Amino acid sequence: MTTLSQQRRQRVNLTGWSGRAIAGVVLLVFVLFFAIPIVWLLFAVTKSSKALILDNPFALGSWADFTANWNQLFGFQDGAVTTWIGNSALYAVGALVITLVVSIPAGYALALTEFRLRNALLVLTLVVMLIPSTALVLPIFLELNTVGLIGSPLSVILPMSFFPFGVYLTYIYFSTSVPRDLLSAARIDGCSEFQVFTRIALPLAAPIVALVAFFNFVQSWNNFFLPFVMLPSSDGYPIQVGLTSLLASTPAFNPSSAGSDSVQLPTLALATVVSILPVLFVFLFSQRFLVSGMTAGGTKE
Amino acid sequence: MTLARQGDTLTAGARERRRAAAREGRAPGRTRIGYLFVSLYAFLTLAFGIAPAVYSVVLAFTNADGGFAGLDNFSKVVTDFRFWPAVLHVTAYLVIWLIGLLIFVVALALIVHALSVRWASTSLRFVYYLPGALAGASSVLLWLFVLDPTASPVSGLLRAMGFTSFVQVIQPGNLPAIFAIIAFWTGAGGWIVIMYGALNNISTEVIEAARIDGANAVQTALRIQLPMLRKWIAYMGVMSLAAGTQLFVEPQLLSQASNAIVPNDYSLNQLAYQYAFQQNDFNGAAAISLLLLVVALLLSWVFVTRGGLFEREE
């Protein structure tokens with residue numbers, strides 16, 4: 001027994017310190033890789049465009065430069081950025097509300113009731129869930145174009161509300177985590193089927209409602225291709241698409257744009273930060289339950 | 001994984017299913033409430049899942065006047081001088097991205113999982129995951145800065161590699177690697193978290209047994225953990241492959257930021273977009289979209305029916 005454990009310790013030590021050193025280096029390199037761009041971005045918004053190029057990348061600029069960048073960003077095309085953020089909020093929140101109203105009952109029905117074509121709908125949900133959402137963007141455009149919905153907020157809100165992944169998460173939750181005896185007991189006590197859902201199942205499903213809300217909100221807010229295709233006019237852009245207008249007005253990347261309404265590099269950096277703030281907040285505050293949710297059923301990008 | 005119950009497998013007969021329904025406490029028989037609850041979702045599925053797919057099939061096989069066109073649209077897009085370069089671009093990007101993703105995600109998940117210090121493992125996962133908040137245009141914009149040697153936080157590194165200007169960095173030969181790096185930066189963290197969760201599901205007894213048999217950390221990782229992760233690795237591979245064929249926002253923004261040094265028909269989705277919006281050729285656009293959709297559908301279908309991740313392990 002002692003020889004065995006000695007032998008074991010020796011072997012572990014052999015791969016031990018050199019292996020650990022390599023592992024440590026790998027971890028560190030990737031920490032730098034993932035973190036440096038974000039950290040740099042936060043410093044960049046506090047600098048003037050000259051300081052951005054000449055100063056140490058990780059030196060703090062000044063408050064005055066930050067406000068100058070802020071004013072330039074929100075003064076761009078008479079406050080277009082504010083409109084875009086408002087649009088993003090409208091689309092993401094609108095899609096979120098419809099998604100919840102549609103997906104939670106659907107997941108419940110798939111898990112706990114019986115109806116014709118239930119299996120077909122379940123398989124269809126899985127298949128569509130695994131298709132990248134961008135694959136359907138042009139087909140949906142062609143479809144909505146014939147109905148004349150292009151340019152309307154509905155042309156992005158409705159497709160964003162079709163969220164099979166949310167239905168699937170809800171379905172998994174209801175079929176594995178809700179005690180059936182509880183539902184039967186409610187039925188015996190005289191609850192109608194509708195009341196079983198609203199009074200018993202729905203309160204139990206609060207965590208999954210939050211999870212579906214999170215994934216849908218992040219996906220809608222970050223969506224680029226769909227609004228880019230559906231919304232031709234700048235008034236209707238969400239902020240993600242608005243960024244392309246800002247980019248087009250940045251002389252550093254597009255020399256032909258040097259004019260009165262041009263955007264400097266730190267302002268463009270600030271726009272990037274502003275465009276992700278809501279999602280970043282949601283990420284920071286929901287980290288823990290998010291991780292458990294992602295590992296519960298796998299996820300789609 | 002108990003992700004779907006036995007009663008849900010495709011092969012189960014109707015009677016068996018009904019019995020399973022009763023056993024599991026689903027509402028007995030067909031109740032109206034089921035139809036009511038599922039109606040809105042069924043409507044959205046029809047409107048934004050099935051109908052667009054069917055309509056693009058119709059468009060792809062007809063001409064601008066609505067007459068049947070056979071395979072004309074397909075032969076038109078396939079012989080387009082921009083088509084094969086786009087296929088090549090997307091393929092090169094996919095190869096680099098998938099290899100990088102498979103190696104680094106699995107390696108990082110294994111290393112992070114092996115850490116015994118709890119806070120280190122938690123905060124590492126968080127740092128890796130955080131860039132996921134920057135998807136779409138935001139992440140591409142950020143990487144424009146990182147890749148521009150005049151402003152970049154890693155300009156020293158770029159110069160050491162021989163790049164002194166943004167134009168040099170975005171030479172055509174570098175683009176697949178650049179897009180792969182951007183995609184890895186935003187997406188890898190989520191997969192690391194998923195792999196980490198899958199590693200947590202491997203019972204400690206198995207690992208302990210391996211250790212008692214004299215396996216060191218590397219051997220345990222290669223011979224025990226890696227084979228047990230196989231399903232999840234396959235899941236990641238298939239999902240990423242499907243998503244990667246859709247490449248759009250990265251080349252689109254880079255094209256805009258480079259004064260069209262990067263062409264605006266670099267990827268297949270961009271080419272479909274050009275067909276629809278520059279040439280007003282919806283039939284051609286539908287043909288390309290359909291090709292991409294079929295690839296995605298095939299991958300997804302194979303995975304749902306064969307992958308085993310969504311079925312109960314016997």
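This is a short talk about how chains A and B sit together in one structure.

Okay, hi everyone. Before anything else, please keep in mind that this is a predicted model.

Let's start with the interface. On the chain B side, 109 residues are in contact with 107 residues of chain A. Putting the two together buries about 10200 Å², and carbon and sulfur atoms give 75% of that area.

For polar contacts, we have 12 residue pairs, with both partners at pLDDT 80 or more. As for who does the touching, helix α2 of chain B, residues 32-60, gives the most to that chain's side, with 18 residues. Sorted by class, the side of chain B that touches chain A has 73 nonpolar residues, 27 polar ones and 9 charged ones.

Now, on to the core. The largest nonpolar core has 197 residues. Which residues have the most contacts inside it? They come from both chains: A:F174 and A:L246, plus B:V105 and B:Y128. Helix α9 of chain B, residues 175-200, gives the most to this core, with 17 residues.

Let me zoom in on A:F174 to finish. Leaving aside residues up to four places away in sequence, A:F174 touches A:I104, A:G107, A:Y108, A:A111 and A:L112, and also A:R180, A:A201 and A:A205.

That's my tour, thanks!

Conventions
Residues are numbered from 1 along each chain as its sequence is written. Chains are lettered from A and ligands numbered from 1 in the order in which they are written. This is a predicted model: local features need pLDDT of at least 70, side-chain atom pairs count only at pLDDT 80 or more; totals for chains, interfaces and linings use all residues. Side-chain values use heavy atoms; hydrogens and water are left out. A nonpolar core is a set of buried Ala, Val, Leu, Ile, Met, Phe, Trp, Tyr and Cys residues joined through side-chain atoms within 4.5 Å. Buried means under 20% relative accessible area, exposed over 50%, partly exposed in between (1.4 Å probe, protein chains only). Helices (H or I, at least four residues) and strands (E, at least two) are DSSP runs, numbered from the N terminus. Contact means heavy atoms within 4.5 Å. Buried area is the accessible area (1.4 Å probe) that two parts lose on being put together, summed over both. A polar contact is a pair of N or O atoms within 3.5 Å; within protein, one must be able to donate a hydrogen and the other to accept it, and residues adjacent in sequence count only if both atoms are side-chain atoms. Ala, Val, Leu, Ile, Met, Phe, Trp, Tyr, Cys and Pro count as nonpolar, Asp, Glu, Lys and Arg as charged, and the others, Gly among them, as polar.
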